[in-house]
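Work through the following exercises with the sequence and the coordinates at hand. Each task is followed by a solution that goes step by step.

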Amino acid sequence: MASPNDITMEDGSSINIHEPFSIQENIGQLNAIDKSAVQLMSHAATALNSLTTPSLSNSSPDAAEPKVDASAAKDAFKQSTHAFLTALHDIDVRMKRQIMALEEAGIVNLNTISRGDPNAPNKASLKPNGLGAVGNLDVGWLNSRSTKVERDMEAELWDMARKLLDSQSDKLKSS
């Protein structure tokens, strides 16, 4: 599905399809993602406002309740929901493009299976995968097996308790 913000490429022989985006183009795309996120929030607010009933004004308590046009509210909700989903899809596509650009640049390695051959065996890698695992070792699991933090915290608490008891005993001696 094409995004409304996609750039159409001309049919020129000088355009290389596999040429990576420049830094300026990546920053421009991140800026477009930011603007789309603002639009996403606006569409969500519009959709929610179309579902709410207007409140009575405090100026005239005798005034009749404002009438709500159900079909207009339903149409507004549908349009806002459609615009919300379109903006969400746009953000999703652009974020995936940015992630792929980071992978191509070698900045992150989030892919354990090569994109070319999904049936290829997993190769062990010592690069962090961005999820807390290095190779087949989960750093979080290794850190949870250490009791050093627990022992240090216990020593700190005993030290604080000793200081508190010493200060209380000094107060009792002086009174």
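**Exercise 1. Examine how the side chains of Asp90 and Arg94 meet, and where the two residues sit.**

Step 1. The side chains of Asp90 and Arg94 form a salt bridge with an N to O distance of 3.0 Å, where a salt bridge is a side-chain nitrogen of Lys or Arg within 4 Å of a carboxyl oxygen of Asp or Glu. Side chains of opposite charge can pair when their charged atoms come close.

Step 2. Because they are four residues apart in helix α2, Asp90 and Arg94 are separated by about one helical turn. Helices (H or I, at least four residues) and strands (E, at least two) are DSSP runs, numbered from the N terminus.

Step 3. Both Asp90 and Arg94 are buried; buried means under 20% relative accessible area, exposed over 50%, and partly exposed in between, with a 1.4 Å probe and protein chains only.

Before going on, note that this is a predicted model, in which local features need pLDDT of at least 70 and side-chain atom pairs count only at pLDDT 80 or more, while totals for chains, interfaces and linings use all residues. Residues are numbered from 1 along each chain as its sequence is written, and side-chain values use heavy atoms, with hydrogens and water left out.

**Exercise 2. Describe the salt bridges that involve Lys148 and Asp152 and Lys163 and Asp159.**

Step 1. The count of salt bridges comes to four, among them the one between Lys148 and Asp152, at 2.9 Å from N to O, and the one between Lys163 and Asp159, at 3.5 Å from N to O.

Step 2. Lys148 and Asp152 are four residues apart in helix α4 (residues 148-174), and therefore about one helical turn separates them. Lys163 and Asp159 also lie four residues apart in helix α4, about one turn of the helix.

Step 3. Lys148 is partly exposed because its relative accessible area is 46%, and Asp152, at 38%, counts as partly exposed. Lys163 counts as exposed at 54% relative accessibility, whereas Asp159, with 34%, is partly exposed.

**Exercise 3. Check the length of helix α2 and find what covers its buried residues.**

Step 1. At 1.5 Å a residue, the 35 residues of α2 should span 51 Å, and the end C-alpha atoms are 51 Å apart, so the two values agree. The expected span is 1.5 Å times one less than the number of residues.

Step 2. The buried residues of α2 include Ala73, Ser80, Ala87, Ile91 and Gln98, and what covers the buried residues of this helix includes α1.

Step 3. Take Ser80, which lies in α2 (residues 70-104) and counts as buried because its relative accessibility is 7%. Leaving out residues up to four places away in sequence, Ser80 touches His43, Thr46 and Ala47, a contact being heavy atoms within 4.5 Å.

Step 4. After α2 comes Gly106, whose phi is positive, near 80 degrees.

**Exercise 4. Is Phe21 buried, partly exposed or exposed, and which residues does Phe21 touch?**

Step 1. Phe21 is found in the segment before α1 and, at 43% relative accessibility, counts as partly exposed.

Step 2. Not counting residues up to four places away in sequence, Phe21 touches Asn26 and Gln29.

Step 3. Phe21 and Gln98 are 77 residues apart in sequence, and their C-alpha atoms are 9.7 Å apart in space.
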